[in-house]
Amino acid sequence: MHDAKLTEIQAAAQAALVEVATEVLKRAQELAPVLDGKLKGSGRVEVDDLEVRVVFRAPHAWLQHERLDYKHPRGGQAKYLETAAGDQGVAGKLVDGVKARIR
């Protein structure tokens, strides 16, 4: 019984992490600089048990994220992923997501 509850909590936590990470990815893609769409298209949610990451795999993703001096005439901004994570209220959504999934 105790193990079953821990398994339920772990499954709830993973589902909530993936849900919130997917929201962060969607927002980050909206904020990402636009040139040819490769940067936005390289965004992914990667899951490894209870470790969930939002990543952009385009070769220029890091530079576009970190370089505040870059101009983005076709839209988007630096710090697109960081801003998206902050916009989503990640911690609160995770707690709410886990609570909603536990009986």
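Okay, a definition to start: buried means under 20% relative accessible area, exposed means over 50%, and partly exposed is in between, with a 1.4 Å probe and protein chains only. By that scale K5 is partly exposed, at a relative accessible area of 33%.

Now the ground rules. This is a predicted model, where local features need pLDDT of at least 70 and side-chain atom pairs count only at pLDDT 80 or more, while totals for chains, interfaces and linings use all residues. Residues are numbered from 1 along each chain as its sequence is written, and side-chain values use heavy atoms, with hydrogens and water left out.

Let's begin with helix α1. It covers residues 2-31, so 30 residues, and spans 43 Å from first C-alpha to last. That is close to the expected 44 Å, the expectation being 1.5 Å times one less than the number of residues. Its buried residues include E8, A12, A16, V20 and L31. What do the buried residues of α1 pack against? The answer is β1, β2 (51-56), α4 (80-87) and α5 (90-101), with contact meaning heavy atoms within 4.5 Å.

That leads to the core. A nonpolar core is a set of buried Ala, Val, Leu, Ile, Met, Phe, Trp, Tyr and Cys residues joined through side-chain atoms within 4.5 Å. The largest one has 14 residues, and L39, V54, F56, A61 and Y80 have the most contacts inside it. Two or more residues each come from α1, β2 and α4, and α1 gives the most, with 6. Leaving out residues up to four places away in sequence, Y80 touches A28, L31, L39, F56 and A61, among others.

Next, the strands. β1 and β2 run antiparallel, joined by 6 bridges; strands pair if DSSP finds at least two bridges between them. G43 has F56 as its bridge partner in β2. The hairpin has 2 residues between the strands, and D49 there takes a positive phi near 60°.

Is S42 buried or exposed? S42 counts as buried, at 10% relative accessibility. A polar atom of the S42 side chain is 3.2 Å from the backbone nitrogen of R57. Beyond four places in sequence, S42 touches V55, F56, R57 and A58.

Last topic, charges. A salt bridge is a side-chain nitrogen of Lys or Arg within 4 Å of a carboxyl oxygen of Asp or Glu, and the whole structure has 11 of them. Back to K5: its side chain meets that of E8 at 3.3 Å, N to O. K5 and E8 are 3 residues apart in α1, so about one helical turn separates them.

K93 and E23 form another salt bridge, at 2.7 Å between the closest N and O atoms. Since K93 lies in α5 and E23 in α1, the pair ties together parts 70 residues apart in sequence. K93 is partly exposed at 32%, and so is E23 at 29%.

Then there's E66 with K79, also with closest N and O atoms 2.7 Å apart. E66 is in α3 (residues 61-66) and K79 in the loop between α3 and α4, 13 residues apart.

Terms used. A polar contact is a pair of N or O atoms within 3.5 Å; within protein, one must be able to donate a hydrogen and the other to accept it, and residues adjacent in sequence count only if both atoms are side-chain atoms. Helices (H or I, at least four residues) and strands (E, at least two) are DSSP runs, numbered from the N terminus.
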